[in-house]
Amino acid sequence: MGKRRFWLGVMIFAVVGVWLGNSAFLGPQPSSDPLRLLAHRGVHQTYPRDGLDVDTCTARRIYAPQHSFIENTLPSMQAAFEAGAAVVELDVHLTPDGAFAVFHDWELDCRTDGSGVTRQHTITQLQALDVGYGYSSDGVTYPLRGQGVGMMPTLSDVLAADLPGPVLINVKSRDADEGNALATRLAEAASEGKVFGIYGGHIPTQVALDALPGMRGYSRQTIKDCILRYAALGWSGTVPDACRDGLLAVPIDVAPWLWGWPHRFVARMQNAGTEVILLGPLEDSGFSAGIDTPDLLAQVPIGFSGLVWTNRIEVIGPLSEAQ
């Protein structure tokens, strides 16, 4: 009987210790700083997310436009910072003539008056296109057609634009050569302070990060590696190597399952050199939305000190300032 009581006491002590070490009780204090927002694609035309797959042409299903901004253009980036973004996300493709075109889609047919694979066109060809050509909310009218001619920037254009904050670069390919080229371009551009991080295809992202000491980033593989290892070790306060010196994107409906969520978890990651990015809920398609509605914004922990990913910076920015 004495041994049973002893081991029961040990178990209770261990459980209480784990709970205290991962609960909000006696944990880090919430941040008093304003919420930091990450604007996905800048200020852009949004669309219903039901039924999305990798082949969906989202430009053909936009909501009726409330503004004239077109994603991945310099005006949309500037507007995102003015709306309260701390970081703006953009997408790049390496062209045959060595430029990095800032454009989301793998192919041109959906959004532009061009066709074919984006990265197979020279930057001169790409910058002659109308990047507002394909947008429609009803399949009949195209309100942005003609407004995006010549507005596809290069990454060099963005880095030279003296924007108010840094950008997060999404590498769209799985090409190691693209990672090398990106690292070279960023080193040549003296981009320190202008680039928040790199993410996307695992191979080019990792190649670029390896070549750029101090640069942070992530891919689906690095997120998986970090979360699985942290699930096994995080109860003890240990941050595994897979979670160090990077970026970690976490859906808001997954985050509460992480040891120490929210403030202990974020503090642990930040102390290990990693910034946490809070996404919207994980969708059936495998994609994650952003924090795009007042209801989702209300679910962000008070005093959250990571970054909050949004597709609606023009809405969420002013709302977050009013909180």
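## Helix 7

The buried residues of helix 7 are Ile 223, Cys 226 and Tyr 230. Buried means under 20% relative accessible area, exposed over 50%, and partly exposed in between, with a 1.4 Å probe and protein chains only. Helices (H or I, at least four residues) and strands (E, at least two) are DSSP runs numbered from the N terminus. Down the axis of helix 7, the buried residues fall within an arc of 70°, so they line one face. That arc is taken from the directions from the helix axis to the C-beta atoms. An α-helix has 3.6 residues a turn, so residues three or four places apart point the same way.

On the other side of helix 7, Arg 220, Leu 228 and Ala 232 are exposed. Cover for the buried residues of helix 7 includes strand 6 (217–218), strand 7 (247–251) and helix 8 (263–271). The length of helix 7 (residues 220–233) also agrees with expectation: 14 residues at 1.5 Å a residue should span 20 Å, and the end C-alpha atoms are 20 Å apart. The expected span is 1.5 Å times one less than the number of residues.

## Model and conventions

This is a predicted model: local features need pLDDT of at least 70, side-chain atom pairs count only at pLDDT 80 or more, and totals for chains, interfaces and linings use all residues. Residues are numbered from 1 along each chain as its sequence is written, and side-chain values use heavy atoms, with hydrogens and water left out.

## Nonpolar cores

The largest nonpolar core has 69 residues. Such a core is a set of buried Ala, Val, Leu, Ile, Met, Phe, Trp, Tyr and Cys residues joined through side-chain atoms within 4.5 Å. Leu 155 and Leu 186 have the most contacts inside the largest core. Strand 2 (residues 85–94) gives the most to this core, with six residues.

Beyond its neighbours within four places in sequence, Leu 155 is in contact (heavy atoms within 4.5 Å) with Leu 90, Val 92, Phe 100, Val 102, Ile 169, Leu 182 and Leu 186. A second, separate core has 15 residues, among them Ile 70, Ala 99, Leu 144 and Met 152.

## Cavity

The whole structure holds one cavity of 30 Å³ or more. The largest cavity has a volume of about 50 Å³. Its lining includes Ile 70, Val 102, Arg 111, Tyr 135 and Met 152. A cavity is a set of points on a 1 Å grid over the protein atoms alone where a 1.4 Å probe fits but cannot get out; lining residues have an atom within 4 Å of a point. Grid points are joined across faces, edges and corners, and the volume is the space filled by probe spheres set on the points.

## Helix 10

Helix 10 (residues 313–322) buries Ile 313, Ile 316, Gly 317 and Ser 320. They cover an arc of only 105° around the axis, which puts them on the same side of helix 10. They pack against strand 1 (36–39), helix 2 (74–82), strand 2, helix 9 (294–299) and strand 9 (307–310).

## Backbone exceptions

Most residues other than glycine have a negative phi, and most peptide bonds are trans. Asp 245 has a positive phi of about 55°. Asp 245 lies in the loop between helix 7 and strand 7 and, at 56% relative accessibility, counts as exposed. Arg 41 has a phi near 65°. Arg 41 sits in the loop between strand 1 and helix 2 and, at 5% relative accessibility, counts as buried.

A cis peptide bond joins Trp 261 and Pro 262, with omega about 0°. Pro 262 lies in the loop between strand 7 and helix 8.

Technical notes
1 Å grid on protein atoms, 1.4 Å probe; cavity = no way out; pocket = protein on both sides within 12 Å on 5 of 7 lines; lining within 4 Å.
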